[in-house]
Amino acid sequence: MSTGILIALFGLLNGLIGGAWVDPAHPPLDPENTLRVQAGERLGQSFLSAHRGLMGVELGLLPEGTARVKLSLFRGWQPQGEPLKTAVFDLSPQSPGLYRLELEPEPLSHNRSYYLELEVLFGSLRVAAAPAGLLPDGALSLNGDPVDSVDLLLRLVYAPAGLLLGLFETVLLTLYWVSLSGLLVLIPGLGLVRLFKGPGRLGAGELLLAPGAGLALYPLGLLWANLLGLRPGIWLVVGLNALGLGVLLAARFREKAPEVRPNPEPPAALLALGGLGFLIFLVRMLTIRGLAGPQWGDSVHHTLITELIRSKGGLFDDWGPYAELTSFSYHFGFHAFSAALSWVSGAQAPEAVLVAGQILNGLAVLGLYPLGRRLFGSAWAGVLAVLLAGLIFFSPAYYVRWGRYTQLAGQVILPAALVLSLELMRAKDLRPRLLGVAGLLVGGLVLTHYRVALFWGAFALGLGLFGAARWGPKGPALRLLLLGLLALGLTLPWWPQVLSGKLFELAAGYLKPAANPTQAELDTNAFGPLTDFLPGWAWPLWALSFGLGLWGRVEGVGLLGLWSALAFVLTNPDLFGLPGAGFVGNFTLLIAAYLPAALNLGWAGATLAERLKLKPALLLVLLLGLGLLGAYHQLTVSEPGAHSMLTWTDLEALRWVRENTPPNSGFLINGFFAYGGTIVVGSDAGWWLPLLGGRWASVPPMPYVSERPRDPDYVARTNGLMALVLEKGPTDPEVVANLRTAGIDYVYIGQKRGRVNNPAGRVLEPAELLKSPAYEPVYHLNRAWVFKLRP
């Protein structure tokens, strides 16, 4: 939407609505947390506006006597920016409280930086403050000098018209990205669904199998294109859509009279599903509206891999220029999808990764509808599962915090693969088309996430045991073995690629006797509080509904229970005297617990509604009401203050690095040891330097321990340098000498100061470097710094 149209719409809405809204995201005033200033002193606080329509800034002022202050607001991070408003306030001890600097509403204030300056003209006072980092971006200064311990406690005031315009804008963006993603997966996926379903009308359950089926084709397409020496780029999208369209057209011409569906989906259930689906995608777009880029540490290498596939048009071996690695064995289904999204939209890799992650988050939830309907024969069970997983539970919505996109992509394919496995098992005869399509889905799942593919294996084993108990060990149960072999055959060209890296070596390390787990395995497999993964009420209700389902001999409930038990064995084999502890961690299991929990509780809710004889219209209103409430609570799920390494400040700092440092420069960045001390990870935006700053960083992307480095000593050198910096500090003469030897020319300290997910170890402190003759500050914005290592 053009700037002129936005400004015109804002003016129209603001004229009709008027009013003011104070952002409740800011904490209340705390008289114990203040900063004292007196006559002649200036406080300056830079900040980022979260919405359109900024029309005021409130500041808590507690005068110690008669005082006069001047408040000034500027556009930009610094007082050299465009002045917007200045006001003088006379204060007395009898008038402590919030003072508002009002201005004409700013229609373009969303994600725009501002600088508030407070000058004490006479007297003294205390200004309300908060711990540093409470604001998602910006910094405080006193008389021009940085203040790192606190930020001013600002309450931002917005015109309601700006909020409505932002919501409308996000609705349009949601429709755009969902439509574009549908272009990628819907037609290829529908082609596969039609291939195994045959003629007849497709219901919502079949339509929602299509995204998982279509997604599975992208890694398979890149793999087989690579085998043929091709890097298809956007032609992969064209080719898959052409194949899907061809299948659909061929089926259409051969189609006979529409079949009568034995179990039609109630219109009210479909309306509820559509409404919940819209809310799920909308809230996922709203939660990333203010982010500078993907969150947490995993997002760094996911974006790098996406960029390499995007720029090369296919798979690769060499990670240059971003890392000194010469193999690629990482599962890549998510990256294939996000690269395809970049090809068709023109978005750069960071935006494509962030949007693709949220789109897949919604699709992973919607995939529960056909699975719930297939397990329990109830459309309402599927709808309730979608409601719970999509808007009531905080997982998988929380995946955005961790950048856990590859597992999420696997869990888009997984429900569709489970449905087809059930169809294959329950078919009267072996259906080759069904087997072939199921093989494509499971093969695509293997390439998308190795561990989620093992969750499918646990389900297949449980389903096979069910089948063996019902029909004997031969017959239908053997179809699952054929399915597994077909999936392995389809992925066969990938395994030499995996052997070229270190994944098999790492996997073999988990096969030692269960009595000797390493610290890394213990850390990986540690159970956190269960309420970190599902709401506290969900666990006992899940257990209760599971018990009731077993009592009532509900086959779907029993199958989900057996799957959950086998998945637990998979992640905790040491408890049963088996090797492999840590290969699939309990964290991986628990963040996927929403799948069986939502399905089980969905069945229980649908059964209860049936027993109570609730009218479909009432159930529709109830579910949409709960969905709206859940969507509201999920708006703050991303929590950028705690989970974003990359900020808007860092984007400007990294742009400066790209434009003002030599291309072959090396940077020391913040980091710490993770996974039992086996790997170094970054802890602020310095980790993004190779991609966004175009410069080499001392902490490589996380797969450096699982891929083949160009230099055999690469891992030892990387870990050794970080260990030395953490032990002795960056100003120690031995450390300085080692940095020069390692090719380090600069130090980058991000806005988050190395504290994102850092379990408290040493970080690079600007104050320490400023005192050292070995370093020279060359750039500073808010809390981001660049230092040059003197020769």
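Strand S3 (residues 42-48) is joined to strand S10 by three bridges, and the two run antiparallel; strands here are DSSP runs of E of at least two residues, helices are runs of H or I of at least four residues, and both are numbered from the N terminus. The model is a predicted one, in which local features need pLDDT of at least 70 and side-chain atom pairs count only at pLDDT 80 or more, whereas totals for chains, interfaces and linings use all residues. Residues are numbered from 1 along each chain as its sequence is written, and side-chain values use heavy atoms, with hydrogens and water left out.

The S3-S10 pair belongs to an open sheet of six strands, arranged in the order S6-S5-S8-S3-S10-S11 with antiparallel pairing, where two strands are taken to pair if DSSP finds at least two bridges between them. Strand S6 (83-91) and strand S11 stand at the edges, and each has a single partner strand, so one side of each is left without a neighbour in the sheet. From one strand to the next, the twist averages 20°, as given by axes that are lines fitted to C-alpha atoms (for helices over the stretch in contact), with angles running from 0 to 180 degrees between N-to-C directions. Strands of a sheet pair through backbone hydrogen bonds, either parallel or antiparallel.

Ser-113 is placed in strand S8 (residues 113-122). This serine is buried, its relative accessible area being 12%; buried means under 20%, exposed means over 50%, and partly exposed lies in between, all with a 1.4 Å probe and protein chains only. When neighbours within four places in sequence are left aside, Ser-113 is in contact (heavy atoms within 4.5 Å) with Phe-47, Leu-48, Arg-75, Gly-76 and Trp-77. By contrast, Gly-246, which is 133 residues from Ser-113 along the chain, has its C-alpha atom 50 Å from that of the serine.

A search of the whole structure finds 28 salt bridges, a salt bridge being a side-chain nitrogen of Lys or Arg within 4 Å of a carboxyl oxygen of Asp or Glu. One of them links Arg-783 to Asp-151, with the closest N and O atoms 3.0 Å apart. Because Arg-783 lies in the loop between strand S19 (775-781) and strand S20 (784-789), and Asp-151 in strand S12 (residues 150-152), the pair ties together parts that are 632 residues apart in sequence. Both partners, Arg-783 and Asp-151, are buried. In another salt bridge, the side chains of Glu-206 and Lys-197 meet at 3.6 Å, N to O; Glu-206 counts as buried at 10% relative accessibility, whereas Lys-197 is partly exposed at 31%. A further salt bridge joins Arg-310 and Glu-307, with a closest N to O separation of 2.9 Å, and these two residues both lie in helix H7, three residues apart, which is about one turn of the helix. Arg-310 is partly exposed, with a relative accessible area of 23%, while Glu-307 is buried at 9%.

Backbone geometry was examined next. Most residues other than glycine have a negative phi, and most peptide bonds are trans. The bond that joins Gly-320 and Pro-321 is, however, a cis peptide bond with omega of about 5°, and Pro-321 is found in the loop between helix H7 (298-312) and helix H8 (333-345). A cis peptide bond also runs from Ser-395 to Pro-396, with omega near 20°; Pro-396 lies in the loop between helix H11 (379-392) and helix H12 (399-402). Asn-143, a residue other than glycine, has a positive phi near 55°, and its place is in the loop between strand S10 (140-142) and strand S11 (145-147), where it is partly exposed with a relative accessible area of 41%. Asn-757 likewise has a positive phi, of about 65°, although it is not a glycine; Asn-757 is placed in the loop between strand S18 (746-749) and helix H30 (766-771) and is partly exposed at 42%.
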